[in-house]
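The sequence and structure come first.

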Amino acid sequence: MPQIRRLSLLFAACAAVALCACGKQDKPGQGGRGNPPVPVRIQAVQPQPWSDTLRALGTVQAHEAVTVTAKVSETVQQVHFESGQQVARGAPLVTLSGQQQQAALAAAEAALKDAEQQFRRMEQLVKQQLVAHASLDTARATRDAARAQAAQIRANLSDRVIRAPFAGVLGIRQVSPGALVTPGTAIATLDDIARVYVDFPVPETELAEVAPGQALTGSAGAYPGRSFEGQVTTVSARLDAATRAVTVRGDFPNPERLLKPGMLVEVALVRGTRPALVVPELAVQQIGTETFVWRVKQDGTVEKADVVVGGRVPGKVMLKDGIRAGDRIVVEGTGKLQPGAKVVEGGRAPAAAATK
């Protein structure tokens, strides 16, 4: 019986030693003695020429735009345009009834004619010294008043003919002959779209790299596969306090009138070439809100390095912060890495390791 008890105690002691030995082994992926280094591709980060494209959504604005309205209360006598018509500057659009003004102008012109005759007669009499100079001054004042009256009526009559203030394309006609219009009544919209503006937002962090004269390329969903060329003309002097973005205006030639005011355009701004830290896109990991690369330390283990992405092009990422020139990072084989894991430059894992 004591012999059996001693055997039981010996067995329990051996089991405890085995458990302790298992507990001291490194966890998988930690690169300890029980796990081989992870084969990866490593690259030293060095400055490279970088030229990326800033993209944003913008809204088309007409080069000149106005809603044509009446200045007086009057009845529409004649409409000289059709909806969507192209008109020249100064072209008559609507003629309003002006019969009272025509009659008043006829009376004013008759009064002016009489006043001029009286003035000339007084000039002759003054030369003959038959009347005093005061009478001539009175006749001159009467003539000038009659001229001013006639000019005022002509101005009122000109308001009865509504003209295009600039060349452009008219919108939908809003009035018809016989309609009563008042000051502010919309007659039609007029847009000069031979050139258009595209206003788009740029984040505050990118403001230093945007300047007038930079080339722009625009694309609209209405015209797949077609691009429009323009350039930056204005960078707003103020930022939107809510979005921390500045409005940038681009100028685009539009000879075919394809871009319409209010249309949404995707704008691409190509920025100048500059030195930057550029890494392969596969090297940058994104988990939730965390963006990082695996940096290789002097002892051959890896650590997470949080980075700030400054721009992307197909296959490459420019990093603004988080690493420095000369740092070595893992560019392939990041899927099995954990902090502290040992890595080895090797591309693919050995066949024997792959079969385990």
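## Salt bridges and cores

Arg147 is partly exposed, at a relative accessible area of 40%. The model is predicted.

Q: Which residue forms a salt bridge with Arg147?
A: Arg147 lies in helix α3 (residues 133-158), and its partner lies in helix α2 (residues 99-127), 31 residues apart. The closest N and O atoms are 3.7 Å apart, and the residue is Glu116.

Q: Is Asp199 buried or exposed?
A: Asp199 forms a salt bridge with Arg249, with 2.8 Å between the closest N and O atoms. The pair links strand β10, which holds Asp199, to strand β13, which holds Arg249, 50 residues apart. Arg249 is partly exposed, with a relative accessible area of 28%. Buried means under 20% relative accessible area. Asp199 has 17% relative accessibility, so Asp199 counts as buried.

Q: How many residues apart in sequence are the parts tied together by Arg41 and Glu332?
A: The side chains of Arg41 and Glu332 meet in a salt bridge at 3.0 Å, N to O. Arg41 is partly exposed at 34% relative accessible area, and Glu332 is partly exposed at 37%. Arg41 lies in strand β1 (residues 38-44) and Glu332 in strand β21 (residues 328-332), so the separation is 291 residues.

Q: How many salt bridges does the count come to?
A: A salt bridge here is a side-chain nitrogen of Lys or Arg within 4 Å of a carboxyl oxygen of Asp or Glu. Arg295, Glu303 and Asp327 are linked in a network of such bridges. By this rule the count comes to twelve.

Q: Which element gives the most residues to the largest nonpolar core?
A: This core has 23 residues, and Phe200 and Leu259 touch the most other members. The elements that give two or more residues are β3 (53-69), β10 (186-203), β11 (215-220), β12 (228-240), β13 (245-253) and β14 (264-270). With five residues, the element that gives the most is β10.

Q: Which residues does Phe200 touch, not counting those up to four places away in sequence?
A: Phe200 and Leu259 touch the most other members of the largest nonpolar core. The contacts of Phe200 are Ala56, Leu57, Gly58, Leu216, Val246, Thr247, Val248, Gly250, Val267 and Leu269.

Q: Which residue in β15 does Pro47 stand opposite?
A: An open sheet of four strands has the order β2-β15-β20-β19, with antiparallel pairing. Its edge strands are β2 (47-50) and β19 (308-313). β2 and β15 (residues 274-280) pair over four bridges. Opposite Pro47 stands Leu277.

Key
Residues numbered from 1 in each chain as written. Predicted model: local features only at pLDDT ≥ 70, side-chain atom pairs only at ≥ 80, totals over all residues. Heavy atoms only, no water. Core = buried A, V, L, I, M, F, W, Y, C linked by side-chain atoms within 4.5 Å. Buried < 20%, exposed > 50% of the residue type's maximum accessible area, 1.4 Å probe, protein only. Contact = heavy atoms within 4.5 Å. Pairing = 2+ DSSP bridges.
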